[in-house]
Amino acid sequence: MIGDFNIRDNDWDPNYPHHSAHTEDLLTLAESLGLDLSPPINPGPTRFADNPHDTNSVIDLAFINPNNSGFGQHSLHPELYRLSDHVPLIIEVSINETNIDNFFWFISKDSEEEKNFIKAITDNILALDTLNIMSKENLETIVQQLASTFNEAWYSQAKKKCITKHSKDWWNHACTESLNRYCNTGDIEYWREFKSNTQVAKREFFDNKIHEIASSNKRPWDLMNWIKKKNLPTIESILHEGQSCNTLPDLWHALHSSYNSAENRPINASFLNETPQADQILWPLFSKQEFKDAIAKCSSSSTPGPDHISWRHLKSLITNDRCLLKIVQIANTCIDLEFWPSHFKSSNTVVIPKPNKINYNSPKLFQPIVLLNTMGKLIEKVISNRLQFHLSANGFLDSHQFGGIWQQSTTDAGIYLTHLIRAGWLRQCHTSVLAFDIAQFFPSLNHQFLSLCLKKAGLNTNIVQFFNSYHSNRSTSYSWNSFTSPPL
């Protein structure tokens with residue numbers, strides 16, 4: 001905290017014999033911010049009097065966090081004050097050199113590279129022996145081969161794209177070529193060709209975008225301005241346990257601690273004894289149709305996972321019946337061996353700010369978006385659908401559970417609430433509604449408690465042990481702007 005405070009006091013101005021009534025307030029304010037008054041290296045007046053009968057004064061002060069080694073003492077430079085009557089205060093800030101990448105790898109939609117990418121993945125999946133997987137080690141090896149296939153195919157076809165303030169989504173290769181020809185020759189005809197190519201590129205891009213919004217995803221709000229990307233604040237320090245996160249390791253620790261605050265917390269599950277045991281569930285092998293149904297409603301424009309595979313790519317893969325059969329066999333083997341491979345347990349957590357907050361100085365003011373490897377995510381969707389079907393069939397789910405349940409939508413919740421209100425009106429009663437939010441609900445779920453719930457739900461030991469493997473030894477990497485943490 002540095003500037004002209006316009007307070008003369010004997011504590012910092014030896015030529016002034018008095019103490020100011022505002023000094024205590026200023027020092028108290030600085031102390032509340034964790035700052036101490038910093039004496040200059042070369043003491044002297046900071047303001048030169050306009051009137052020769054007045055004395056020069058010290059009213060420009062600097063307050064510095066004494067625990068922050070990145071800030072040194074400030075110095076006065078009266079030779080630089082020029083036309084001002086104030087002396088410049090200069091402080092050196094230690095900044096480590098950091099390389100910020102300004103490019104990313106991509107494969108254009110419907111391009112020749114994307115076709116080659118999908119073909120390479122399909123060929124490698126067909127080459128896998130998924131029929132005779134006899135052990136967990138064998139299954140882990142097969143899935144790791146699959147992961148390597150995705151990675152190699154991606155980097156063999158992807159192109160590096162630099163990001164600048166002039167980057168446009170509609171820009172294509174024809175625009176680049178025509179602009180380079182004009183820059184090399186200066187010929188006005190090449191400039192006209194460039195302008196024509198940019199107009200064609202814009203028209204094709206926005207026509208496709210309008211068609212996609214109108215016919216495919218039917219999300220007209222994508223055309224609104226408020227859908228624009230919101231950058232994270234670059235000048236606000238995150239506070240965790242009273243300390244500023246001034247380094248990336250501190251930031252990763254703060255995020256990881258906040259989003260996993262209930263890990264290994266002891267629980268009392270005795271109240272589950274009041275819940276009746278549900279009927280035993282038979283768990284048949286997965287079918288190819290279950291996978292087709294699970295992926296049908298997935299958005300083709302969603303963000304891909306760390307394996308670079310999007311739902312659009314997977315939809316192309318499963319059109320090959322043999323390729324789909326291989327994926328189904330891997331899923332069935334995971335259940336049979338009670339094992340979830342490590343590749344499916346790794347994820348990337350993208351941290352984005354929650355909208356309309358006054359400041360962003362706490363991890364709780366940011367929203368973590370977890371990107372899973374898409375192949376594993378598809379198998380999870382099939383398992384989720386199977387669980388919901390069985391638990392609804394044996395009556396384990398409460399009839400008033402509306403969130404995330406088939407045929408129990410937000411509309412159904414509204415209709416049910418309206419019914420209660422009108423039933424109260426008939427009895428000359430007023431209805432009050434108490435709504436509350438359980439903060440950090442999903443990160444706070446205890447895995448041991450989930451296993452006990454699954455047993456109560458009628459799942460056999462084989463399925464319960466699979467979910468124990470599913471919940472154990474998971475890892476994630478946090479992405480903050482262009483920075484990514486190591487796996488945590």
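How far is the sulfur of Cys-323 from the closest cysteine sulfur? The distance is 16 Å, to the sulfur of Cys-334, which is too far for a bond. Welcome to this structure, which is a predicted model.

**Cysteines**

- A disulfide is a covalent bond between the sulfur atoms of two cysteines.
- With a cut-off of 2.5 Å between the sulfur atoms, the count of disulfides here is zero.
- Cys-323 is buried, because its relative accessible area is 0%.
- Cys-453 also counts as buried, with a relative accessible area of 18%, since the limit for that word is under 20%.

**The sheet of S1, S3 and S2**

- Strands of a sheet pair through backbone hydrogen bonds, either parallel or antiparallel.
- Here you can find an open sheet of three strands in the order S1-S3-S2, and the pairing is antiparallel.
- Strand S1 (2-4) and strand S2 (36-37) are the edge strands, as each of them pairs on one side only.
- S1 is joined to strand S3 (residues 60-64) by three bridges, and the two run antiparallel.
- To trace that pairing, look for Ile-2 opposite Ala-62 of S3, and for Asp-4 opposite Asp-60 of S3.
- S2 meets S3 through two bridges, again in the antiparallel sense, and Leu-37 has Phe-63 of S3 as its bridge partner.
- S3 is largely enclosed by the rest of the structure, because five of its five residues are buried.
- That cover reaches both faces of S3: Asp-60, Ala-62 and Ile-64 are buried on one side, and Leu-61 and Phe-63 are buried on the other.

**Strand S12 and its partners**

- Strand S12 (residues 475-480) has five of its six residues buried, so the rest of the structure largely encloses this strand.
- Strand S10 (residues 346-353) runs parallel to S12, and five bridges join the two.
- In that pairing, Ser-346 stands opposite Ser-475 of S12.
- Strand S13 (residues 483-484) pairs with S12 in the antiparallel sense over two bridges, with Trp-480 opposite Phe-483 of S13.
- S12 and S13 make a hairpin that has two residues between the strands, and Asn-481 in the turn has a positive phi of about 55°.

**A nonpolar patch on the surface**

- Leu-434, Phe-436, Ile-438, Phe-441 and Phe-442 form a nonpolar surface patch, and together they have about 660 Å² of accessible area.
- One of these residues, Leu-434, sits in the loop between helix H12 (410-426) and helix H13 (447-456).
- Leu-434 counts as exposed because its relative accessibility is 75%, and the word applies to values over 50%.

**Positive phi angles**

- Most residues other than glycine have a negative phi, and most peptide bonds are trans.
- His-308 has a phi near 70°, a positive value in a residue that is not glycine.
- You will find His-308 in the loop between helix H7 (288-296) and helix H8 (311-317), where this residue is buried at a relative accessible area of 17%.
- Gln-428 likewise has a positive phi, near 60°, and is not a glycine.
- Gln-428 belongs to the loop between H12 and H13, and counts as exposed at 71% relative accessibility.

Terms used:
Residues are numbered from 1 along each chain as its sequence is written. This is a predicted model: local features need pLDDT of at least 70, side-chain atom pairs count only at pLDDT 80 or more; totals for chains, interfaces and linings use all residues. Side-chain values use heavy atoms; hydrogens and water are left out. Patches are made of residues with over 30% relative accessible area and no salt bridge: like charges are joined within 9 Å, nonpolar side chains (Val, Leu, Ile, Met, Phe, Trp, Tyr) within 5 Å. Accessible areas come from the Shrake-Rupley method with a 1.4 Å probe; for residues, only the protein chains shown count as cover. A salt bridge is a side-chain nitrogen of Lys or Arg within 4 Å of a carboxyl oxygen of Asp or Glu. Helices (H or I, at least four residues) and strands (E, at least two) are DSSP runs, numbered from the N terminus. Buried means under 20% relative accessible area, exposed over 50%, partly exposed in between (1.4 Å probe, protein chains only). Two strands pair if DSSP finds at least two bridges between them.
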